[in-house]
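Please work through the following exercises with the sequence and the model at hand. Each task is followed by a worked solution.

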Amino acid sequence: MSKLHLVFGGRVRDPRGLDFVDPADLETVGIFPDFASAEKAWRAAAQRTVDDAEMKFVVVHLHRLLEPALKP
């Protein structure tokens with residue numbers, strides 16, 4: 001199975017957490033076939049919004065959600 005990764009982000013209530021202000025307004029950066037390409041996309045998105053402390057982008061390991069019994 002591919003080790004898919006999702007990169008998305010949006011405005012958070014507190015920069016230390018993951019409570020997104022408006023989940024309907026999240027920006028989907030994309031789905032990537034490996035962590036390296038997901039990390040590259042995450043860095044680009046985060047750099048684009050670096051001056052806005054309330055914007056946060058994350059990488060989600062989709063393969064762990066789809067197959068939780070498999071080890072990473």
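The model is predicted: local features need pLDDT of at least 70, side-chain atom pairs count only at pLDDT 80 or more, and totals for chains, interfaces and linings use all residues. Residues are numbered from 1 along each chain as its sequence is written, and side-chain values use heavy atoms, without hydrogens and water.

**Exercise 1.** Determine the strand order of the sheet and identify its edges.

*Solution.* Step 1: helices (H or I, at least four residues) and strands (E, at least two) are DSSP runs numbered from the N terminus, and two strands pair if DSSP finds at least two bridges between them. Step 2: the three strands follow the order β2-β1-β3 in an open sheet with antiparallel pairing. Step 3: β2 (27-32) and β3 (55-61) each have a single partner strand, so one side of each lacks a neighbour in the sheet.

**Exercise 2.** Describe the pairing of β1 with β2.

*Solution.* Step 1: β1 (residues 5-11) joins β2 through five bridges in the antiparallel sense. Step 2: within this pairing, Val 7 lies opposite Gly 30 of β2.

Step 3, on packing: helix α1 (residues 35-48) touches β1, β2 and β3, contact being heavy atoms within 4.5 Å.

**Exercise 3.** Is Thr 49 buried or exposed?

*Solution.* Step 1: buried means under 20% relative accessible area, exposed over 50%, and partly exposed in between (1.4 Å probe, protein chains only). Step 2: Thr 49, in the loop between α1 and β3, has 14% relative accessibility and is therefore buried. Step 3: beyond neighbours within four places in sequence, Thr 49 contacts Met 55 and Phe 57.

**Exercise 4.** Classify Pro 68 by accessibility.

*Solution.* Step 1: Pro 68 belongs to the segment after α2 (62-66). Step 2: the relative accessible area of Pro 68 is 63%, so this residue is exposed.

Definitions and conventions: Axes are lines fitted to C-alpha atoms, for helices over the stretch in contact, and angles run from 0 to 180 degrees between N-to-C directions.
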